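Here is a short tour of a complex, meant to be read alongside its sequence and model. Let's begin with confidence and then look at how the parts meet.

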Amino acid sequence: MVTELVPAAAFPLQSGLVPRGTRTFVFESIFEVFLLLGTLVGVVVVGYMLYNAYKYRSGSGNGHIDDEDRLVLGELPSGSGGGRKLFTSFFMSMIIVVSLVSWTYLTLLYVEEGPSDAESLDVEVEGYQFGWRFTYPNGHTTDGVLRVPADRPVQLTITTADVFHNFGITELRVKSDAIPGQETETWFTADEPGTYTAQCYELCGAGHSYMSAEVIVMPPDEYEAWYANTTADNATASESSADESVAAKSSLRPAVVP
Amino acid sequence: MTDASPGGDAAADGGHEVARGGDDHDFPGTGSIKRWFVTTNHKDVGILYIVTSLFFLVLGGVLAWLMRIQLLAPRALGEGILAPVAYNQAVSAHGLLMVFWFLSPFAFGFANYVVPLQLGAKDLAFPRLNALSYWLYLFSGILFGVSFFQGGTFSGGWTMYAPLNVPTFTPDVGASTAVLALVLFVASVTVSSVNFLTTMHRMRAEGLTLRNVPLFSWTILLTAWMMLFAFAALLAALLVLSSDRLLGTTYFAMESPAGALLWTHLFWFFGHPEVYIVFFPALGVMAEVFQTFPGRRIVGRKWFILAMVLVAIQSFAVWMHHMFLTSINLQVKTLFMITTIGISLPFDLMVFALIYTMLKGKIRFTTPFLFVFGALLLFIIGGITGVFLGAVVLDYEFRGTYWVVAHFHYVMVGGVTALVGGLYYWFPKMTGRMYDEFLGKLHFAVYFVGFNLLYFPLFVAWETPRRVFDYAPELAPWHQLATVGGFVLGLSFLIMFYNLFKSAFVGDPAPDNPWEYATTAEWAVSSPPPLENFDGTPTYRDGHLEFIDDGEVAPSEERSGGPTGAAVSDGGVTASATRAVTADAELPTAEATEVEGPSHASIWPFVLSAGAFLVLLGLSPLQDAAFPEGMVGAAYATTAVAGGVVTLGSLVAMGLEPFHGPVFEEGEAWPFAGIDNGKVGMWIFLASDVVLFGGFLGAYVFTRVAFGWTGWEPIPSDPIPGLVNTYILLTSSFTVVLALVAAEKKHKWGLVTSLGATFVLGIGFLVNKGLEWQHLFHEGLWLSTNVRASTFFLTTGLHAAHVIAGLVVALYLTARAWRGAYLEDSRSVEYFGLYWHFVDIVWLFLFPLFYIL
């Protein structure tokens with residue numbers, strides 16, 4: 001499942017270490033590691049803090065403040081010893097953080113490279129207050145529903161007709177800003193046929209909460225059959241399932257429309 | 001909100017009652033209402049800041065409750081207690097109020113109160129400007145409150161992304177008012193930054209080198225530097241936005257090339273340093289309390305300071321990590337990923353330093369320590385979850401979700417937790433009474449449970465998009481838990497308000513130093529401290545704090561703190577100002593200082609701020625530079641004019657008012673030793689002005705590059721008027737130099753003539769500019785014609801506004817010089833000259849950029 005997209009020869013040693021695959025796979029793999037290590041570090045550090053706070057509580061007899069170490073009102077501030085311990089901990093945390101992030105950087109390079117043009121399906125996404133329009137390579141445009149084949153990378157080119165939006169399908173771990181006058185690109189591959197939800201992730205006005213679209217992942221052959229029947233003619237056709245929500249959302253648009 | 005008001009009364013009652021006898025006959029006691037309107041004393045101002053910020057905490061908290069109630073369940077359209085736009089307003093106002101009107105002012109309440117004490121100063125360098133900062137802050141908050149009643153406040157989120165922030169999409173007048181309220185707030189912050197930086201660099205006690213400054217003061221110093229530059233960048237963004245909203249320029253319009261991207265750059269260039277601006281003071285409180293209660297000095301003190309300095313500098317180089325999903329390329333992403341990870345590492349060091357400081361101590365779990373200890377725990381969680389966001393691949397998916405919300409609440413409200421600890425820590429010092437320890441601990445317990453109940457579930461429900469109230473149904477239980485936590489957290493403050501209110505009246509009297517092992521100077525004076533802080537001059541020359549009897553100070557060392565603000569005690573005609581100079585020159589004995597001791601009262605900061613409030617309120621309904629039709633428009637216009645008169649009048653009154661800054665003997669003043677406070681203040685202010693113009697020029701260059709540099713035809717096709725104006729301004733810089741020379745030679749008419757010539761040249765510049773603009777308008781070009789016209793009119797308009805402000809001062813100086821001022825003390829002329837040269841230099845950049853290239 002994972003390795004299909006990977007030019008395996010390019011990084012023969014790292015292919016096992018650096019997650020490559022669908023966006024869902026790379027996210028989950030990295031997130032898991034971060035969650036595990038994050039929890040571990042958190043528990044160790046917080047545990048150490050709590051243990052010592054208890055151990056050196058006033059009256060426990062564990063702490064001792066010598067006369068020469070005693071803090072005196074009006075003294076010039078200075079520090080305590082313990083620098084070696086401080087730097088040891090600091091370097092350890094630095095190694096953890098830097099190595100973790102460097103590791104994810106290799107995956108970032110993979111994600112940024114994206115799928116090859118030959119195999120991917122290119123869809124243009126345009127946000128507007130408050131919905132999404134999708135345009136396929138043959139010029140077919142739909143509003144509120146994105147149909148894609150399973151197991152094939154989908155390359156999205158995203159922009160907006162009005163304000164700043166952000167297009168994201170959280171379950172498929174894909175997201176990108178929709179910026180006026182700019183185009184951003186991102187991609188995803190869906191493993192499982194099914195229905196997912198795309199949402200807007202940047203506050204964009206009254207209808208922001210309802211600015212969603214259906215993402216229908218179809219088995220490849222079904223998709224091909226559906227796609228063969230589309231033409232550029234039925235531009236801006238909105239499928240019946242989306243009609244209602246589009247009507248509701250249009251009431252949220254501001255009175256002044258550019 | 002009534003819960004917060006007791007704090008105010010409490011402060012009033014328990015405040016530092018003891019004005020030194022005979023110091024100020026017209027300075028009322030703390031029980032008098034009048035005192036709180038006229039005071040310029042840093043401790044009073046600190047208390048005002050704290051009490052006011054707590055009001056805004058309650059307001060922002062109530063808005064948060066409304067949101068949490070709405071989020072109890074996923075809401076279909078029309079369900080829930082808030083309509084969609086109302087929800088967006090609540091989200092936006094909650095963010096803006098908490099970040100701007102609560103967090104920073106709360107921290108700066110402590111800074112006001114404690115920093116001069118820790119430095120050994122009697123007050124801030126410019127006490128009236130300090131009062132002005134407070135009143136501008138209060139009135140900006142009131143203006144923000146008014147915006148709710150003008151058709152609805154701003155609803156585009158605290159990040160105010162373009163183009164949702166322009167009237168095309170957010171047409172309510174209230175949205176403009178909210179932006180103007182922010183402008184006023186930034187004015188307050190800038191005045192405050194200049195004041196704190198001048199004070200902290202110039203007015204430290206002998207022996208208190210920067211290395212030796214206590215950590216809380218260190219954090220405030222770094223915060224003030226970051227504020228100076230970051231808020232100047234925000235001011236640039238806000239002025240451009242105000243102009244888009246009120247005058248009709250098109251920087252951020254939907255059609256503008258890269259307008260939306262421009263906003264994200266301008267906003268986040270401010271926005272990321274802002275994170276540290278609100279967090280550093282909390283870090284300072286942690287550092288103080290982590291030393292006092294375990295009774296141990298901090299581990300690795302100099303590394304701790306170095307880490308903070310690095311963060312403060314680097315904070316200006318990480319802003320694009322908020323923009324990983326915009327169209328920036330991989331190289332830029334890589335760079336900003338590296339700087340982001342880089343800026344997180346110094347915090348690791350600081351956290352470990354705090355933890356190791358506890359070791360081997362005798363930790364007393366008092367309320368301040370509990371809060372600060374809890375804050376560190378929360379900050380650790382906030383920090384770890386922040387590393388997730390530093391990994392760009394993860395950030396791609398977390399962008400715009402509750403992961404971000406949960407993370408920054410752990411960090412920022414973690415900071416609030418430390419500041420609440422600070423409130424308990426310094427409460428005895430401020431009121432002279434102890435709070436109830438049991439209730440304090442109870443508050444901590446409820447607070448800590450409520451906090452985690454509120455914010456931790458948000459990590460679990462991270463897939464919820466931000467600012468959305470229709471979310472996946474399976475996430476509902478987590479949101480319900482969070483809502484319960486929100487109420488627990490909010491209600492826990494009732495315990496605090498009750499405790500502090502009651503204790504301020506009937507708490508046990510606090511000794512000078514209620515905390516064993518506290519070391520900083522504020523604990524060496526009475527609780528509350530006397531009006532001028534110390535009996536005697538504090539010094540650390542023998543390695544520890546000592547007070548020298550004022551009488552022992554050698555007369556030659558006595559110096560006045562210099563004029564406050566633009567022009568006071570300049571040896572002019574006002575009787576007391578002349579006397580001040582005489583006293584300084586001839587009778588610098590302790591007795592004379594007593595008579596001519598620093599002033600503590602001025603009503604003008606209050607009046608000036610009220611005037612500024614009216615101006616901005618009056619301007620708020622403008623669209624395309626026109627008031628609305630009819631009575632409403634006329635009423636607004638009248639308000640603006642009245643406000644203008646009040647503002648200008650109070651500026652003049654403030655200039656004429658005899659007022660003396662704190663008298664101090666120069667101790668440690670690196671790196672400004674031997675330079676007058678007023679001059680240092682002017683330089684620091686100009687540094688922020690450089691960033692303001694930098695923001696405008698950056699916006700121009702960015703827009704032009706997006707448009708296509710060579711395809712952009714300069715709007716004034718004829719460069720001749722601009723060239724003439726260049727010569728006029730250069731000549732006027734020359735006449736200002738002549739004016740200073742004449743003043744130093746005590747040549748009255750030379751001074752008057754040179755200042756007058758400067759004024760006439762400035763008028764000539766404006767007339768020439770007016771004719772040029774008239775010509776352009778005649779050609780059919782207007783601010784809203786296109787983005788080329790917008791950038792030209794607005795940027796050169798900002799410069800013209802600087803010229804006009806300079807001319808107002810020039811006119812004032814000329815009139816005073818006519819009556820014989822500035823011959824004894826030419827400093828005001830010198831400071832005006834600095835400003836005027838700066839304005840000329842800016843023009844030398846504008847002219848080629850807008851007329852030639």
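## Confidence

In this predicted model, chain B has an average pLDDT of 91, and 91% of its residues score at least 70 (pLDDT is the predictor's confidence in each residue, from 0 to 100). Residues 1-25 of chain B fall below 50, and this stretch has 61 contacts in the model beyond near neighbours in sequence; two residues are in contact if their C-beta atoms, placed from the backbone, lie within 7 Å. Residues 553-595 of chain B also stay under 50, with 93 contacts beyond four places in sequence. For the complex, the predictor gives an ipTM of 0.91 and a pTM of 0.92.

Residues are numbered from 1 along each chain as its sequence is written, and chains are lettered from A, with ligands numbered from 1, in the order in which they are written. Local features need pLDDT of at least 70 and side-chain atom pairs count only at pLDDT 80 or more, while totals for chains, interfaces and linings use all residues.

## Where the chains meet

On chain B, 89 residues are in contact with 78 residues of chain A. The leading contributor on the chain B side is α10(B), with 13 residues; helices are DSSP runs (H or I, at least four residues), numbered from the N terminus.

## Domains of chain A

Chain A splits into domain 1 (3-61 + 81-113) and domain 2 (121-250), with bounds from an automatic or database domain assignment. Their contact takes four residues from domain 1 and six residues from domain 2 of chain A.

Key:
Helices (H or I, at least four residues) and strands (E, at least two) are DSSP runs, numbered from the N terminus.
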